[in-house]
Amino acid sequence: MSRTITYTYKNEAKTLAFSYREFHSIQEAVAAHEGIDIKEYLKMELSLEAVSDTKTVRNFRDAHFAKLGFGKIALLPKENVGIGKKKKAE
């Protein structure tokens with residue numbers, strides 16, 4: 001199931017369809033969408049995860065993406081629709 005990411009890149013608000021089938025994280029998805037190669041960053045993040053706690057990794061990730069020009073990156077909440085209330089495809 002696809003989710004929606006909202007993010008800012010160089011002070012411009014954007015949205016993007018996201019699926020965990022294609023990307024491991026929302027950061028990977030937005031970087032790919034903007035055409036930014038983050039292979040070296042992913043290697044460093046993996047090394048950092050092996051020796052550090054979650055907060056350190058999160059701070060590293062946030063600082064790195066801020067340097068790349070990204071602002072807030074977040075998943076929009078899911079829409080909970082009751083049974084029989086879903087929009088029908090036409």
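User: Why is asparagine 11 called exposed?

Analyst: In this predicted model, the relative accessibility of asparagine 11 is 81%. The term exposed requires a value over 50%, so asparagine 11 counts as exposed.

User: Where is asparagine 11 found, and what is its phi?

Analyst: Asparagine 11 is in the loop between E1 and E2. Its phi is near 65 degrees, a positive value in a residue other than glycine. Most residues other than glycine have a negative phi.

User: What makes lysine 10 count as exposed?

Analyst: Its relative accessibility is 58%. Since the cut-off for exposed is over 50%, lysine 10 falls in that class. Lysine 10 is also placed in the loop between E1 and E2, and its phi, near 50 degrees, is again positive in a residue other than glycine.

User: Which residue takes a positive phi just after H1?

Analyst: That residue is glycine 35, with a phi of about 80 degrees.

User: How do you know that H1 is mostly covered?

Analyst: Of the 8 residues in H1, 6 are buried, a term that requires under 20% relative accessible area. The buried residues are Ile26, Gln27, Glu28, Ala29, Val30 and Ala31.

User: What do the buried residues of H1 pack against?

Analyst: They pack against E1, E2, E3, helix H2 (39-51) and helix H3 (54-68). Contact here means heavy atoms within 4.5 Å. Helix H1, residues 26-33, lies across E1, E2 and E3 and runs at about 125 degrees to E3.

User: What is the order of the strands in the sheet?

Analyst: The order is E2-E1-E3, an open sheet of 3 strands with antiparallel pairing.

User: Why are E2 and E3 said to stand at the edges?

Analyst: Strand E2 (12-18) and strand E3 (70-75) each have a single partner strand, so one side of each is left without a neighbour in the sheet. From one strand to the next, the twist averages 20 degrees.

Key:
Residues numbered from 1 in each chain as written. Predicted model: local features only at pLDDT ≥ 70, side-chain atom pairs only at ≥ 80, totals over all residues. Heavy atoms only, no water. Pairing = 2+ DSSP bridges. Helix = DSSP H or I, 4+ residues; strand = E, 2+ residues; numbered from the N terminus. Axes fitted to C-alpha atoms, helices over the stretch in contact; angles between N-to-C directions. Buried < 20%, exposed > 50% of the residue type's maximum accessible area, 1.4 Å probe, protein only.
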